[in-house]
Amino acid sequence: MTNITAVLEFRLLGFSSNAHCQILLFTVFLVIYTLTILGNITIISVVTLEPRLHLPMYKFLKNLSFLEVCYTTTVVPKTLANLLAKRKSISFSGCMAQLYYFISLGATECYLLAVMAYDRYVAVCEPLHYGVVMTAESYTCLAMGCWVTGVFTGFLPCLMVSRLRFCSDNLINHFFCDIPPLLKLSCSDTTVTEAVIFILSFLVLASCFLLTLVSYLLIILSILKIPSASGKRITFSTCSSHLMVVTIYYGTMISMYVRPSYNLSSEINKAVSVLYTVVTPLLNPVIYSLRNKAFKKALGKIVIRHHRLHSL
């Protein structure tokens with residue numbers, strides 16, 4: 001078998017060669033990453049410790065929080081290390097591993113957000129059947145289905161990118177191993193690879209987005225039938241947090257991957273990538289903790305309980 005790549009490692013150009021700028025970015029990214037980890041771990045802990053939150057809605061939220069921790073950890077720690085390093089590099093195998101986990105976890109998040117939208121649809125539009133439809137077994141099957149399907153979704157794009165030929169040029173104009181800069185860097189014909197990744201991205205994002213959109217259209221129609229304004233407000237408040245997360249996530253992902261060409265400027269790619277790899281995972285705990293009354297009440301009870309135990 002012949003060796004199809006002459007590259008053993010890639011050099012990541014990152015954001016800027018200015019030392020002061022790199023230190024500033026390191027500080028900002030470190031603060032955001034720390035808050036992201038603490039915020040999502042808080043959600044996982046509160047949902048686990050509070051029996052009243054042992055409902056499918058909050059169990060899905062716990063899955064989403066764990067996913068966000070894994071998703072941002074795939075990219076941010078290596079980015080932080082490279083911001084301080086003189087030699088900003090990543091091995092070929094490390095690059096492919098990062099790409100695989102990034103794609104798999106991103107796909108899993110699409111599936112999970114769609115399932116969470118379905119859960120809200122059943123709760124709002126079919127409240128009398130919610131206990132029958134969304135049982136513990138149903139939740140387990142849906143959650144496991146999201147994770148398993150996500151794991152398999154990452155195989156084909158990563159395999160096709162890894163089989164491309166990378167010649168003497170090993171400079172990736174990005175801060176992590178993403179699909180667009182790797183396709184630009186390859187000296188092979190990337191037409192087939194680009195087409196397959198576009199079709200797969202379109203199928204995953206479009207199907208999940210369509211399911212989410214239909215769910216929320218039916219939810220809105222159901223809310224409009226509620227006679228009282230307070231009833232409409234209370235019902236919509238149970239869905240608004242998830243709707244905000246969905247809007248932010250799909251907006252950035254569709255702009256990056258559901259297009260037949262990867263010719264956007266590198267700086268725009270980097271800016272959009274920062275949104276969904278660094279910022280969005282932080283918005284998840286912020287949005288849910290600030291807008292969900294049941295969660296805030298549960299968090300308060302746990303804090304009071306913890307304080308009483310330590311004061312004894």
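Q: Taking a disulfide to be a pair of cysteine sulfur atoms within 2.5 Å, how many does a search of the whole structure find?
A: The search finds one disulfide. A word on the ground rules: this is a predicted model, in which local features need pLDDT of at least 70 and side-chain atom pairs count only at pLDDT 80 or more, while totals for chains, interfaces and linings use all residues. Residues are numbered from 1 along each chain as its sequence is written, and side-chain values use heavy atoms, with hydrogens and water left out.

Q: What makes Cys95 and Cys177 a disulfide?
A: Their sulfur atoms are 2.0 Å apart, and the limit is 2.5 Å, so the pair qualifies. The bond links distant parts of the chain, with Cys95 in helix H3 and Cys177 in the loop between strand E3 (171–172) and helix H7 (179–185), 82 residues apart. Helices (H or I, at least four residues) and strands (E, at least two) are DSSP runs, numbered from the N terminus.

Q: Why is the disulfide of Cys95 and Cys177 called left-handed?
A: The torsion about its S-S bond is about -125°, so the disulfide is left-handed.

Q: How do you know whether Cys95 and Cys177 are buried or exposed?
A: Buried means under 20% relative accessible area, exposed over 50%, and partly exposed in between (1.4 Å probe, protein chains only). Cys95 has a relative accessible area of 0% and Cys177 also has 0%, so both count as buried.

Q: What makes Glu9 and Arg87 a salt bridge?
A: A salt bridge needs a side-chain nitrogen of Lys or Arg within 4 Å of a carboxyl oxygen of Asp or Glu. The closest N and O atoms of Glu9 and Arg87 are 2.1 Å apart, so the pair meets the rule. Glu9 lies in strand E1 (residues 9–12) and Arg87 in the loop between helix H2 (56–84) and strand E2 (89–91), so the bridge ties together parts 78 residues apart in sequence. Glu9, at 24% relative accessible area, is partly exposed, and so is Arg87, at 48%.

Q: How do you know that Glu50 and Lys301 form a salt bridge?
A: The N to O distance is 3.7 Å, and the limit is 4 Å, so this pair counts too. Glu50 sits in the loop between helix H1 (19–49) and H2, and Lys301 in helix H11 (residues 293–311), so parts 251 residues apart in sequence are tied together. Glu50 is buried at 3%, whereas Lys301 is partly exposed at 33%.

Q: How many salt bridges does this rule give?
A: The count comes to three. One of them joins the side chains of Asp119 and Arg120 at 3.0 Å, N to O, and both of these residues are buried.

Q: What makes a set of residues a nonpolar core?
A: The members are buried Ala, Val, Leu, Ile, Met, Phe, Trp, Tyr and Cys residues joined through side-chain atoms within 4.5 Å. The largest such core here has 80 residues, and those with the most contacts inside it include Phe10, Cys95 and Leu113. Helix H3 (residues 92–125) gives the largest share, 17 residues. A second, separate core of six residues includes Ala117 and Tyr216.

Q: Why is Thr212 called buried?
A: Its relative accessibility is 2%, so Thr212 counts as buried. Thr212 is found in helix H8 (residues 191–224). Not counting residues up to four places away in sequence, Thr212 touches Leu113, Ala114, Ala117, Val246 and Tyr250, contact meaning heavy atoms within 4.5 Å.

Q: Why are E2 and E3 placed at the edges of the sheet?
A: Two strands pair if DSSP finds at least two bridges between them. Three strands form an open sheet of mixed pairing in the order E2-E1-E3. E2 and E3 each have a single partner strand, so one side of each is left without a neighbour in the sheet. E1 and E3 pair in the parallel sense over two bridges.
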